[in-house]
Amino acid sequence: MAKSTKKSTRKFEKNHLKDTLEKRKAGAKIKQRQQIKEKRQARNARDAEFSGKAAEEDGAPKKVAKEDPFGKMNVDDFFQGGFEIPEKPVEKMTKSSGTEKLGKRKRVEAEEDDNDDSSEASFEEAPVLSDSENEDGSEDEDETGMSKSAMDALAKKDPEFYRFLKENDPEALDFDENADLAEVDDLSGSDDEGPKKKKQKKSKKKASEEPEVEEEEEGDSSEVTTAMVSKWKKAMSEQHSLRAMRQVVLAFRAAAHVNEDEGKEYKYTISSPEVYHELLLITLKYVPEVLNHHLPVKETAVGKVRVATDSKKFRTLTPLLKSHTSSVHHLLTSLSDAATLNLTLSSIAPLLPYLLSFKKVLKDVVKTVVDIWSDASSTEATRITAFLVVRRLAVIGDLGLREAVLKTVYQGLIKGSRNTTIHTIQGINLTKNSAAELWGLDAGVGYATGFTFIRQLAIHLRSSITNNQKESYKTVYNWQYVHSLDFWSCVLSEHCNPLKEAEMGKESQLRPLIYPTVQVTLGAMRLIPTSTYFPLRFHMIRSLLRLSRATGTYIPLAPALLEVLSSAEMKKPPKASTLKAFDFACNYKAQKAYLRTRVYQDGVGEQVVELLSEFFVLWSTSIAFPELALPVIVMIKRWLKDAGKKSLGNKNNKVNSMLLLIIQKLEASGKFIEEKRSKVDFAPNNRAGVDGFLKDFAWEKTPLGAFVVGQRKQREEKAKMLEEGRREEERKRKLDEEKAKAQGSDEETDGVSDNEDSETGFASDDDE
């Protein structure tokens with residue numbers, strides 16, 4: 001192959017290929033810089049349209065644009081215009097010469113252009129982030145130089161050069177852990193001393209001495225005291241001081257990592273619980289307020305937010321913001337107290353507009369917040385607070401961020417529903433109902449993510465059907481799959497409601513997802529039609545009933561319930577058992593001990609009667625109700641005839657009497673509809689007349705509707721009694737745990753005191 005290559009090609013590869021590639025890369029960088037500049041100009045134009053005052057607020061960027069006369073020139077225009085240098089706007093001259101001032105300004109402008117480009121690259125193209133970050137989560141963006149970790153790596157990689165630096169330039173190796181936050185002091189000084197310019201000459205000496213005293217005090221005392229916290233609180237609340245906020249952020253970072261043996265040293269140390277509590281409160285309360293004072297967030301009526309990310313103040317505060325966010329994120333992972341957790345979560349929401357440019361930091365924070373929201377051990381108030389943070393981010397974020405939030409929320413929901421018990425079922429229902437709201441914020445993104453996840457459920461179902469392995473059905477028959485289908489039922493029920501669609505004036509974009517959801521659910525419930533998985537079938541039928549009730553979609557659920565009656569579990573006589581009643585709400589699978597028992601057969605019969613009545617009451621005012629109910633009435637009557645035989649019947653009078661009662665209610669409602677139908681004066685092909693039949697008639701007044709209302713009240717009372725018993729049981733369990741903890745701590749205290757006495761030379765009476 002080598003001989004077939006031309007000699008000129010090989011010569012080019014040897015002599016010129018490397019230079020050519022480097023030139024192409026340089027050209028690509030220049031092109032990318034131009035694209036970034038165009039994006040910045042477009043965004044500034046949008047900001048100007050948004051606020052109407054962009055020219056007054058962003059004075060610095062505008063001045064830079066005026067000072068750059070070649071910004072909009074290409075190379076040809078530049079050379080055609082000759083080498084005549086345009087005149088610069090005249091500024092106030094200092095005592096230095098004009099040539100020196102001009103040369104200095106050129107260098108500063110070049111540096112500012114580079115800084116602007118680098119900042120745009122980091123903010124506009126936020127997904128492309130650096131892998132190496134310093135310990136507070138910030139990246140060196142504004143001429144911060146080499147970091148300590150980079151120098152440590154240099155010492156290992158090139159020890160000779162490191163030794164040369166140590167001998168000739170030792171200051172290059174002296175790093176302050178908080179060097180990236182040093183510019184905040186200068187910014188704070190200029191802001192805080194701005195309104196005092198008239199008195200600056202008189203108190204110049206005094207003003208220059210006071211900061212030095214403060215720095216000496218803070219440098220000498222690394223232990224945070226109550227007086228320091230009070231001083232910081234006063235400065236932040238009254239003056240909105242950035243310098244005080246910097247000190248608070250540094251102290252808060254130490255507080256977030258307290259009692260951790262990581263070998264890291266922080267500027268401050270905290271040993272008092274009172275100081276820790278006070279510092280936590282002022283940090284979470286006043287840091288967002290100070291940030292909002294110096295970098296106000298502008299919000300439209302639609303919910304979109306704007307922050308001046310191009311300003312020098314934002315770039316200076318970026319390391320401080322990232323440090324504080326990383327500390328809050330670390331604190332969230334270690335907190336267990338519900339009140340403190342709620343306070344910490346509430347402090348994140350005001351920071352979200354500033355973090356939109358930092359996708360990597362935002363991704364970690366959202367993942368932690370979603371974990372708290374979906375955690376079974378979190379209280380209801382904590383879950384709601386965490387959800388409000390996630391919802392706020394979904395509202396103000398762009399399409400990509402909104403999609404990432406929806407995916408993270410869905411993954412957290414599935415992860416949190418793995419273990420479903422009587423103690424966790426309410427929390428799981430809360431997460432499903434709250435998460436369903438997010439899919440209506442942006443119907444386009446909601447449809448895309450919903451289609452992806454429902455398709456994933458369908459793929460799991462298909463693989464379990466086609467796969468002949470013994471355990472293949474377990475990918476479908478588990479709590480996570482059941483809760484997934486139930487969640488999509490909640491989403492579609494909430495956002496495809498006819499009333500909501502009428503308010504919007506158009507059909508919901510999520511409505512096409514109803515059909516695949518129903519098909520996957522019907523296929524999953526019939527995957528293994530044995531009596532062991534009757535509870536799972538009932539769960540899925542309830543999900544489809546909710547969907548049918550909310551959207552007005554007819555779903556044929558009666559055949560799935562008649563299949564349960566036709567099973568051997570319900571036809572054969574049950575055996576006596578002393579087991580407690582089976583809980584269908586918190587189980588998707590019946591234990592082997594319950595099968596063929598009277599307890600289980602009675603429970604299944606109650607579920608069938610309840611679900612049949614709930615299904616038919618949806619269409620109790622429909623003009624076609626008699627024809628809809630007739631096949632079911634015939635099937636149940638035939639089943640009751642077989643069950644009543646002395647030799648082959650199930651000998652369960654309770655189930656048989658319940659089914660006989662539902663037949664009576666169905667027949668009564670059929671006769672009621674026939675009487676109303678006999679008085680109409682339109683033909684069946686009149687669609688408007690058919691849809692308007694008994695439209696304003698309350699379904700509760702029909703014979704079947706009155707029966708369902710009474711049954712619901714009985715079930716609510718029963719559920720209330722069970723919930724009271726569960727809470728009482730949980731309260732007793734917590735008291736027992738607290739007593740056991742107290743006894744354990746007393747024993748440890750006694751042991752420690754005995755050890756201390758023996759170590760200090762004070763022996764007990766027995767020892768003597």
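Author: A definition comes first: a polar contact is a pair of N or O atoms within 3.5 Å, and within protein one must be able to donate a hydrogen and the other to accept it. The model discussed here is predicted.

Reader: At what distance does the side chain of Thr344 reach the backbone oxygen of Thr340?

Author: Thr344 sits in helix H15, residues 338–348. With a relative accessibility of 0%, Thr344 counts as buried. Its side chain reaches the backbone oxygen of Thr340 at 2.8 Å.

Reader: How many aromatic pairs does a search of the whole structure find?

Author: Rings of Phe, Tyr and Trp pair if their centres lie within 6.5 Å. Searching the whole structure on that basis gives a count of aromatic pairs of 25.

Reader: Is the pair of Trp232 and Tyr268 stacked or edge-to-face?

Author: Planes under 30 degrees apart count as stacked and planes over 60 as edge-to-face. The ring centres of Trp232 and Tyr268 are 5.6 Å apart and the planes stand at 75°, so the pair is edge-to-face.

Reader: How many residues apart in sequence are the parts that Trp232 and Tyr268 tie together?

Author: Trp232 and Tyr268 are both buried. Trp232 belongs to helix H11 (residues 226–239), while Tyr268 is in the loop between helix H12 (242–256) and helix H13 (273–294). The pair therefore ties together parts whose separation in sequence, in residues, is 36.

Reader: What is the angle between the planes of Tyr554 and Phe615, and which of the two residues is buried?

Author: Tyr554 and Phe615 form a tilted aromatic pair, 6.1 Å centre to centre, with an angle between the planes of 50°. Tyr554 lies in the loop between helix H25 (534–551) and helix H26 (558–565), and Phe615 in helix H28 (residues 598–617), so the pair links parts 61 residues apart in sequence. Tyr554 has 43% relative accessibility and counts as partly exposed. At 2%, the buried residue is Phe615.

Reader: Which residues form one aromatic cluster with Phe534?

Author: The cluster is made of Phe and Tyr residues. Together with Phe534, its members are Phe538, Phe582, Phe584, Tyr594 and Tyr600.

Reader: What accessible area do Phe12, Leu17 and Leu21 have together?

Author: Phe12 is part of helix H1, residues 7–15. At 37% relative accessibility, Phe12 counts as partly exposed. With Leu17 and Leu21 it forms a nonpolar patch on the surface, and their accessible area together is about 240 Å².

Reader: How many disulfides does the structure hold?

Author: Cys496 is buried, with a relative accessible area of 0%. Cys586 also counts as buried, at 11% relative accessibility. A disulfide requires a pair of cysteine sulfur atoms within 2.5 Å. The number of disulfides in the structure is zero.

Reader: What is phi of His240, and what is phi of Arg596?

Author: His240 is in the loop between H11 and H12, and its phi is near 55°, a positive value in a residue other than glycine. Arg596 is in the loop between helix H27 (568–571) and H28. Arg596 counts as partly exposed at 38% relative accessibility. Its phi is also positive, near 65°.

Reader: How far apart in space are Met228 and Val248, C-alpha to C-alpha?

Author: Met228 lies in helix H11. Its relative accessibility of 11% makes Met228 buried. Met228 and Val248 are 20 residues apart in sequence, and their C-alpha to C-alpha distance is 9.5 Å.

Terms used
Residues numbered from 1 in each chain as written. Predicted model: local features only at pLDDT ≥ 70, side-chain atom pairs only at ≥ 80, totals over all residues. Heavy atoms only, no water. Phe/Tyr/Trp six-rings, centres within 6.5 Å; stacked < 30°, edge-to-face > 60°. Helix = DSSP H or I, 4+ residues; strand = E, 2+ residues; numbered from the N terminus. Buried < 20%, exposed > 50% of the residue type's maximum accessible area, 1.4 Å probe, protein only. Patch = residues over 30% accessible without salt bridge, like charges linked within 9 Å, V, L, I, M, F, W, Y side chains within 5 Å. Areas by Shrake-Rupley, 256 points an atom, 1.4 Å probe, with all protein chains shown as cover. Salt bridge = Lys/Arg side-chain N within 4 Å of Asp/Glu carboxyl O.
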